[in-house]
Amino acid sequence: MRLQHPFEIVTPTLDGDVLSVLAGGIDWFSVNTICELTPGRSDEGIRKTLKRLVSVGIAEELSAGRAYLYRLNRDHLGAEFIVQMASLKQVFFTRLHAEMSDWVISPIFASVFGSAARDEMSRESDVDLFVIQPDETSAALWDTQVHDLAAKATRWIGAEVRPLLYTENEIRRLGSAEPVFEFIAVEGIPVFGERQ
């Protein structure tokens, strides 16, 4: 699953991207706003999709002069599930945090970075997970925890999760000399611990 397109696990069509936008807010959306939030999709395709979603009752339409506005019909029986589907990326991050919270050896910090953090995953992308190991810990237990999490997380989303591991001491020693740290500082999405 590409985290930025959660609906593609059930539909490859534009419907999923439009539902994702509508589920992300309670206000009315213009077609232009939806186009901006779904780059690479045609204006005509979005209009047709919105009309179809209105016709089945999951979206509402409001006339605003010569234009129309749209929002998710949150009273629809399917709305709850659509909102849950739209939030799968956040659910993934929450699960990563919960799993690490149960570890015998807690990480100092963990962050998702790379294409998953930038919402640029392709179908071949993996998820890069940066994890800092406390100094003077059992290497065997630490490795088991990390391996188990990577295996579980891969099953959760269907894309391989690849940990990038450093110890506290390595972080101190390398500091800003390690280029990957800059990427993580700029684009990383923390899932455990404090960024500083």
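## Ser-115 and its surroundings

In this predicted model, Ser-115 touches Glu-120, Met-121, Ser-125 and Asp-126, when residues up to four places away in sequence are not counted. Ser-115 itself belongs to helix 6. Its relative accessible area is 13%. Because this value is under the limit of 20%, Ser-115 is classed as buried.

## Two residues with positive phi

Most residues other than glycine have a negative phi. Asp-119 is not a glycine, yet its phi is positive, at about 60°. This residue is found in the loop that runs between helix 6 (115-118) and strand 5 (127-133). Asp-119 is partly exposed, with a relative accessible area of 41%.

Glu-136 also has a positive phi, of about 55°, although it is not a glycine. The loop that holds Glu-136 lies between strand 5 and helix 7. With a relative accessible area of 86%, Glu-136 is exposed.

## The contact of helix 5 with helix 7

Helix 5 comprises residues 88-101 and helix 7 comprises residues 139-157. Their axes come within 11 Å and cross at roughly 160°. Angles over 145 degrees count as roughly antiparallel, and helix 5 and helix 7 are therefore roughly antiparallel to each other. Their crossing is right-handed.

Which residues of helix 5 and helix 7 meet? On the side of helix 5 they are Phe-92, Arg-95, Leu-96, Glu-99 and Met-100. On the side of helix 7 they are Leu-149, Lys-152, Ala-153, Trp-156 and Ile-157. Sorted by class, this contact has seven nonpolar residues, three charged residues and no polar ones.

## Aromatic pairs

The model has seven aromatic pairs. In one of them, the ring centres of Phe-92 and Phe-93 are 5.9 Å apart and the ring planes stand at 45°, so the pair is tilted. Phe-92 and Phe-93 are both buried.

Phe-92 also pairs with Trp-156. Here the ring centres are 6.3 Å apart and the planes are at 80°, so the arrangement is edge-to-face. Phe-92 lies in helix 5 and Trp-156 in helix 7, so this pair ties together parts that are 64 residues apart in sequence.

Ser-42 is found in the loop between helix 2 (31-37) and helix 3 (43-55). This residue is partly exposed, and its relative accessible area is 43%.

How many residues apart in sequence are Ser-42 and Ala-139, and how many Å apart in space? In sequence the two are separated by 97 residues. In space they are 52 Å apart, taken from C-alpha to C-alpha.

Note on methods
Residues numbered from 1 in each chain as written. Predicted model: local features only at pLDDT ≥ 70, side-chain atom pairs only at ≥ 80, totals over all residues. Heavy atoms only, no water. Axes fitted to C-alpha atoms, helices over the stretch in contact; angles between N-to-C directions. Helix = DSSP H or I, 4+ residues; strand = E, 2+ residues; numbered from the N terminus. Parallel < 35°, antiparallel > 145°, perpendicular 65-115°, else oblique. Left-handed = near helix turned anticlockwise from the far one by under 90°. Contact = heavy atoms within 4.5 Å. Nonpolar A, V, L, I, M, F, W, Y, C, P; charged D, E, K, R; others polar. Buried < 20%, exposed > 50% of the residue type's maximum accessible area, 1.4 Å probe, protein only. Phe/Tyr/Trp six-rings, centres within 6.5 Å; stacked < 30°, edge-to-face > 60°.
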